[in-house]
Amino acid sequence: MALVSAASARLRFVLCVVFAFVAALLFTTTTAFAQNDLEAPEARVKAAFLFKFGSYVEWPPGTFASSDAPFVIGVMDADALASELTAIVAGHSMGGREVVVHRLHDGDSTAGLHLVFVGKADGANLAGILAPVKGHAILVVTESKGALDLGSMINFVLVDGKVRFDASLQAAAAANLKISSRLLAVARNVRGAP
């Protein structure tokens, strides 16, 4: 009888461990899917904004190597957004130019880029990433707290679950870029507005 009771207790223990493992696996998988479901629409909205932003910026003479040179967008630390943006730009042009999306990694050159998007980064990392871009006619778009203080020209923010953005006219002017008043009219906040 004691042998049956010990085997029964061992079986209950194994079943409890298996149940706990399956429950943890289901919770983790469900949470991951839910998080991906939330990230996909946000990434899609931000990608659509990025595609449109280039149309609302006045670029200085000599920005493009030729009249048929592509408009090049670099995306760093935002794989879901890069995928969404690649899908959005497929078969579309901006001002008669093909739009090309490059995934950037730390240390990649920003030469030839017209717009660079940097995903969430802390202040020290973001400052290092943006340093090589300063003074060049590259529209810098970010999604990090305090990014406008570090040289970002447009920074995405979530307000009540909706994607909005803030803009810095000083940072744009330092890069010899002029952001259209039509784009600024839909910004949440504009720094340096007259």
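Predicted model: local features only at pLDDT ≥ 70, side-chain atom pairs only at ≥ 80, totals over all residues.
Let me start with Arg97, which lies in strand 4, residues 97-104, where helices (H or I, at least four residues) and strands (E, at least two) are DSSP runs numbered from the N terminus. This arginine is buried yet has no salt bridge, and the nearest side chain of opposite charge, Asp68, is 6.3 Å away. Buried here means under 20% relative accessible area, exposed means over 50%, and partly exposed is in between, with a 1.4 Å probe and protein chains only. A salt bridge is a side-chain nitrogen of Lys or Arg within 4 Å of a carboxyl oxygen of Asp or Glu, and for charge, Lys and Arg count as positive and Asp and Glu as negative, while His and the chain ends are not counted.

What does the side chain of Arg97 reach instead? It reaches the backbone oxygen of Ser66, at 3.1 Å, which falls under the polar contact rule: a pair of N or O atoms within 3.5 Å, where within protein one must be able to donate a hydrogen and the other to accept it, and residues adjacent in sequence count only if both atoms are side-chain atoms. Leaving aside residues up to four places away in sequence, Arg97 touches Phe64, Ser66, Ser67, Asp68, Ala69, Pro70 and Phe71, a contact being heavy atoms within 4.5 Å.

Residues are numbered from 1 along each chain as its sequence is written, and side-chain values use heavy atoms, with hydrogens and water left out.

Now the overall picture. The protein has five helices and ten strands, and buried residues make up 37% of its 194 residues. Of the contacts with a separation of 6 or more, 59% are between residues 24 or more positions apart.

Turning to the salt bridges, the count by this rule comes to six. In one of them, Glu42 pairs with Lys46, the closest N and O atoms being 2.7 Å apart; the two are four residues apart in helix 1, residues 2-53, and are therefore separated by about one helical turn. Lys46 counts as buried, at 5% relative accessibility, and Glu42, Lys46 and Glu143 are linked in a network of salt bridges.

Another salt bridge joins the side chains of Arg44 and Glu84, at 3.2 Å from N to O. Because Arg44 lies in helix 1 and Glu84 in helix 2, this pair ties together parts that are 40 residues apart in sequence. Arg44 is partly exposed, at 41% relative accessibility, whereas Glu84 is buried, with a relative accessible area of 17%.

A further salt bridge is formed by the side chains of Arg188 and Asp166, at 2.7 Å from N to O. This pair links distant parts of the chain, with Arg188 in the loop between helix 5 (181-184) and strand 10 (189-191), and Asp166 in strand 8, 22 residues apart. Arg188 is partly exposed, with a relative accessible area of 37%, while Asp166 is buried, at 8%.

Glu84 brings us to helix 2, residues 79-89, whose buried residues are Leu81, Ala82, Glu84, Leu85 and Val89. Why are they on the same side of helix 2? They cover an arc of only 165° around the axis, the arc being that of the directions from the helix axis to the C-beta atoms. On the other side of helix 2, Asp79 and Ala87 are exposed, and the helix is followed by Gly91, whose phi is positive, near 80°.

Leu85 is also among the residues with the most contacts inside the largest nonpolar core, which has 51 residues; such a core is a set of buried Ala, Val, Leu, Ile, Met, Phe, Trp, Tyr and Cys residues joined through side-chain atoms within 4.5 Å. Not counting residues up to four places away in sequence, Leu85 touches Ala47, Leu50, Phe51, Ile73, Val75 and Val101.

Finally, two backbone angles deserve a look. Asp160, in the loop between strand 7 (154-159) and strand 8 (162-168), has a positive phi near 55°, and it counts as exposed at 79% relative accessibility. Asn176, in the loop between helix 4 (169-174) and strand 9 (178-179), has a positive phi near 65°, and is exposed, with a relative accessible area of 52%.
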